[in-house]
Amino acid sequence: MANKDCQEWDGVLEFWFPEGRSLDVDPQTHRAHWLWRMQGGADDQIMAQYSRLTKRAAKGELDHWAQEPHGRLALIIALDQFSRSVWRDEARAYAQDPSALSLVIEGLSNGHFSAFETPWFQIVYGLPLGHCEGPDHLQRLDQLISLREEVTAAAPIPLRPIYSALVNQARDVRKVIAAFGRHPHRNKILNRRSTAAEGVYLAKGQFPHKRAFR
């Protein structure tokens, strides 16, 4: 693998995981990093630093990164997370979800997932299981819940409440998909007509992806 590629994906990981790779992390600082990652706090930085890289990833120009576990993780971050910032409030924000999901599924079977040394790497790696809509969505969410339970059990004790909250969040997402078969909060962006039941849900504004750790 070219050194330039390694430098690029290492830069993605260093940006997205300020904690680094040491398990000796202050819980409050770690929780703040999670909120930053999960609630759009990095939008401006992603646009400034990673817009071009994200567009290259969306075109398939970085697919070779997936030959190495950490390169695969960085590519998933670009497709699943950076895309949501670069194309926020546009349908294209979700267009990369199937590609990210394929990377996750392959990495779970080829040993890449088990190579990650921190629970935060593992959690972010699994995000497309819950994000990508499709007929097998509930089964993937069951898999995601199981993975998060395993990550929580193996995490350092001071960090376990954070990961327990992420397990609960995945369960909340499952309830939404079980009820509607899709993510209703995307309907307007994707030009989909909401059902009456979805309209009630949307009016409440209690979306699992915005209620982490609450």
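Reply: Happy to! A salt bridge here is a side-chain nitrogen of Lys or Arg within 4 Å of a carboxyl oxygen of Asp or Glu. Please keep in mind that this is a predicted model.

Let us start with the pair Asp 97 and Arg 84, whose side chains meet in a salt bridge at 3.0 Å, N to O. This pair links distant parts of the chain, with Asp 97 in helix H5 and Arg 84 in helix H4, 13 residues apart. Both Asp 97 and Arg 84 are buried. They also belong to a network of salt bridges that links Asp 80, Arg 84, Asp 97 and Arg 186.

Now for helix H5 itself, which covers residues 97-109. Its 13 residues should span 18 Å at 1.5 Å a residue, and the C-alpha atoms at its ends are 19 Å apart, which agrees. Which residues of H5 are buried? They are Asp 97, Ala 100, Leu 101, Leu 103, Val 104 and Gly 107. Viewed down the axis of H5, these buried residues fall within an arc of 160°, so they line one face of the helix. Their cover includes helix H4 (69-86), helix H6 (119-131) and H7. Just after H5, Gly 111 takes a positive phi of about 95°.

Helix H4 brings us to Gln 81, which lies in that helix. With a relative accessibility of 12%, Gln 81 counts as buried. The side chain of Gln 81 makes a polar contact, at 2.8 Å, with the side chain of Asp 80, and Asp 80 is one of the residues in the salt-bridge network described above. Leaving out residues up to four places away in sequence, Gln 81 touches Trp 16, Arg 37, Ile 76, Leu 127 and His 131.

Arg 37 lies in helix H2 (residues 27-38) and Glu 19 in the loop between helix H1 (3-16) and H2, so the pair ties together parts that are 18 residues apart in sequence. Arg 37 has 4% relative accessibility and counts as buried; Glu 19, at 12%, counts as buried as well.

For a pair with another setting, turn to Arg 174 and Asp 142, whose side chains meet in a salt bridge at 2.6 Å, N to O. Here the linked parts are helix H8 (residues 160-180), which holds Arg 174, and helix H7, which holds Asp 142, 32 residues apart. Arg 174 is partly exposed, at 27% relative accessible area, and Asp 142 counts as partly exposed at 34% relative accessibility.

Helix H7 (residues 137-154) also holds Gln 143, which counts as partly exposed at 36% relative accessibility. Not counting residues up to four places away in sequence, Gln 143 touches Leu 108 and Leu 129. From Gln 143 to His 209 there are 66 residues in sequence and 18 Å in space, C-alpha to C-alpha.

Key:
Residues numbered from 1 in each chain as written. Predicted model: local features only at pLDDT ≥ 70, side-chain atom pairs only at ≥ 80, totals over all residues. Heavy atoms only, no water. Helix = DSSP H or I, 4+ residues; strand = E, 2+ residues; numbered from the N terminus. Buried < 20%, exposed > 50% of the residue type's maximum accessible area, 1.4 Å probe, protein only. Contact = heavy atoms within 4.5 Å. Expected span 1.5 Å × (residues − 1). Arc of directions from axis to C-beta. Polar contact = N/O pair within 3.5 Å; in protein donor to acceptor, adjacent residues only side chain to side chain.
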